[in-house]
Amino acid sequence: MSMLPAGKVLAFAARGERRCLGVRRGGRWIVCPYGAVLDGASAKDQCARCAQLDRSRSVAADTMADDPRPYGVYLAYFGPGLLKVGITAVERGPARLVEQGAVAYAWLGRGPLMAARRAEALLGSALGIPDRFAKAAKRAARGELPPVVDRTAELAQLHATAQKLPGWPETLRPVEFASADHTELFGLDRIPGEVAELGGMTSGAEIVGEVLTGVGADVYLRLVRGADGDSDGEGVAGAGGVGRAGGVVAVMDARLLSGWVLGAAVGRVTTVPVRGVVTGRGKRAGTGEGDEKEKGWQEGLF
């Protein structure tokens, strides 16, 4: 968050081809041996073969069941009715919740990995609590959030219900309810009710805009307008002078930038496609399009 403070002007371009980041081993990235080129519209920053290698030793893929670290089970709140269950290594603290863009959260229990997994599965089967939400659903909810007290109450109710479930793993220590809210951290009050979406990068594509705030991997930008204050019908904002904000607000998934070589923008116009404005209900104005495209995509878990 500190690297992209509100008011900072971004003006950058993608160069060359988007390449696979390779595999992380021993605390460092190993270059992709295939030199794979990635789709600029995908949030995935690895090719299929590198991703498969990563998952061969992964908690998320259940191929690392012998992990001796203690794990925490959490409840994360993204909006009214959008509560999920998840697990993360205790040593990571709330980092995973920040990465996901959770508006608020509460710890449910702590213990061994497999006990945490069983609790996660228990909430899914007994209460129908999911372990993921589509990106579009989370974005839409940010435009119409209820007061903090209402968010806390919704979390507290689920927390109490979850801990009373029969079949709670014996080795998982329950954690007393305490809610943490990310309103100030994320600058949620700076997000308007209607936000457009920036599409994927292509070689030579440029983004010019002023940072409003960041939520997880999402960066909210006010695209710079031209000297005449106009932007074209496709939502691409002209920029007569960098820093002259006042155009449409658009959200950019920063994960789409990984794998690109980024350089300074040559022009003063955002040339990345800007999709229609998203309303508070998660539908793009004039299209009726919701978050169907995002179903099935799951962000990294740990």
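**Before you select anything.** This is a predicted model, where local features need pLDDT of at least 70 and side-chain atom pairs count only at pLDDT 80 or more, while totals for chains, interfaces and linings use all residues. Residues are numbered from 1 along each chain as its sequence is written, and side-chain values use heavy atoms, with hydrogens and water left out.

**The whole chain.** Colour by secondary structure and you will find six helices and 14 strands; these are DSSP runs numbered from the N terminus, with helices (H or I) of at least four residues and strands (E) of at least two. Of the 302 residues, 46% count as buried (under 20% relative accessible area; exposed is over 50%, partly exposed in between, with a 1.4 Å probe and protein chains only).

**Helix α5.** Now select residues 148-163. At 1.5 Å a residue, these 16 residues should span 22 Å, and the end C-alpha atoms are 23 Å apart, which agrees; the expected span is 1.5 Å times one less than the number of residues. Show side chains for Arg151, Leu155, Leu158, His159 and Ala162, which are buried. They cover an arc of only 105° around the axis, so they sit on the same side of α5 (the arc is that of the directions from the helix axis to the C-beta atoms).

**His159.** Zoom in on this α5 residue. At 3% relative accessibility, His159 counts as buried. Leaving out residues up to four places away in sequence, His159 touches Leu75, Ala106, Trp107, Leu108, Val175, Glu176 and Phe177, a contact being heavy atoms within 4.5 Å. The His159 side chain reaches the backbone oxygen of Val175 at 3.1 Å.

**The largest nonpolar core.** Next, select Val73, Leu75, Leu108, Leu123, Leu172 and Tyr220, which touch the most other members of this 33-residue core. Such a core is a set of buried Ala, Val, Leu, Ile, Met, Phe, Trp, Tyr and Cys residues joined through side-chain atoms within 4.5 Å. α3 gives the most to this core, with six residues.

Finish at Leu123: not counting residues up to four places away in sequence, Leu123 touches Leu75, Val85, Leu108, Gly128, Ile129, Ala162 and Leu165.

Key: Polar contact = N/O pair within 3.5 Å; in protein donor to acceptor, adjacent residues only side chain to side chain.
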